[in-house]
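The following paragraphs go through one structure step by step. Please keep the sequence and the coordinates open while reading.

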Amino acid sequence: MSKMSPKPLDYELLNENVKKVAYAVKGELYLRALELQKEGKKVVALCQAPFLLDDPNVGLLFPADVISRAKHYLSLNSGGLGAYSDSRGLPGIRKEFAEFIEKSMQELDFFISSSNS
């Protein structure tokens, strides 16, 4: 039984979308992810210490959008954050995340890889 040697990959035959793929681990996407991570930590801080929202000076310490998001997420969760919350995540936030993914899959061209570097 003879083995067939693999055919070389011909760049000209690749799908145009594959040709446009960008390795963005340290690029614009990575930098935006870092910004969102910092903002998310501020939102979580307010959610873990909601009494800060009652302080008249909270706007001096946190941006208005962070305050707004913290109030929104707290409104979705009556039990508070911590060890006794649902281990799968807060239902309201899970629902919002699922809706975002569903919408994104309809509107965006993207793919998910099983690994990164």
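Helix α2 (residues 28-48) and helix α4 (residues 64-75) cross at roughly 50°, and their axes come within 9 Å. Axes here are lines fitted to C-alpha atoms, for helices over the stretch in contact, with angles running from 0 to 180 degrees between N-to-C directions. Helices (H or I, at least four residues) and strands (E, at least two) are DSSP runs, numbered from the N terminus. This is a predicted model, in which local features need pLDDT of at least 70 and side-chain atom pairs count only at pLDDT 80 or more, while totals for chains, interfaces and linings use all residues. Residues are numbered from 1 along each chain as its sequence is written, and side-chain values use heavy atoms, with hydrogens and water left out.

α2 and α4 are therefore oblique to each other; angles under 35 degrees count as roughly parallel, over 145 as roughly antiparallel, 65 to 115 as roughly perpendicular and the rest as oblique. The crossing of α2 with α4 is right-handed, that is, the near helix is turned clockwise from the far one by less than a right angle.

On the α2 side, Glu39, Lys42, Val43, Leu46 and Cys47 meet Asp65, Val66, Ile67, Arg69, Ala70, Tyr73 and Leu74 of α4. Contact means heavy atoms within 4.5 Å. By class, 8 nonpolar, no polar and 4 charged residues take part in the contact of α2 with α4. Ala, Val, Leu, Ile, Met, Phe, Trp, Tyr, Cys and Pro count as nonpolar, Asp, Glu, Lys and Arg as charged, and the others, Gly among them, as polar.

The largest nonpolar core has 9 residues in all: Val43, Leu46, Cys47, Leu53, Val58, Phe62, Val66, Ile67 and Ala70. Both α2 and α4 supply at least two residues of this core. Such a core is a set of buried Ala, Val, Leu, Ile, Met, Phe, Trp, Tyr and Cys residues joined through side-chain atoms within 4.5 Å, where buried means under 20% relative accessible area, exposed over 50% and partly exposed in between (1.4 Å probe, protein chains only).

Apart from neighbours within four places in sequence, Leu46 is in contact with Leu52, Leu53, Val58, Phe62, Val66, Ile67, Ala70 and Leu74. Leu74 lies in α4; with the neighbours within four places in sequence again left aside, Leu74 is in contact with Leu46, Cys47, Pro50 and Leu53.

His72 is also found in α4, and counts as partly exposed because its relative accessibility is 33%.

For the chain as a whole, there are 5 helices and 0 strands. Of its 117 residues, 12% count as buried.
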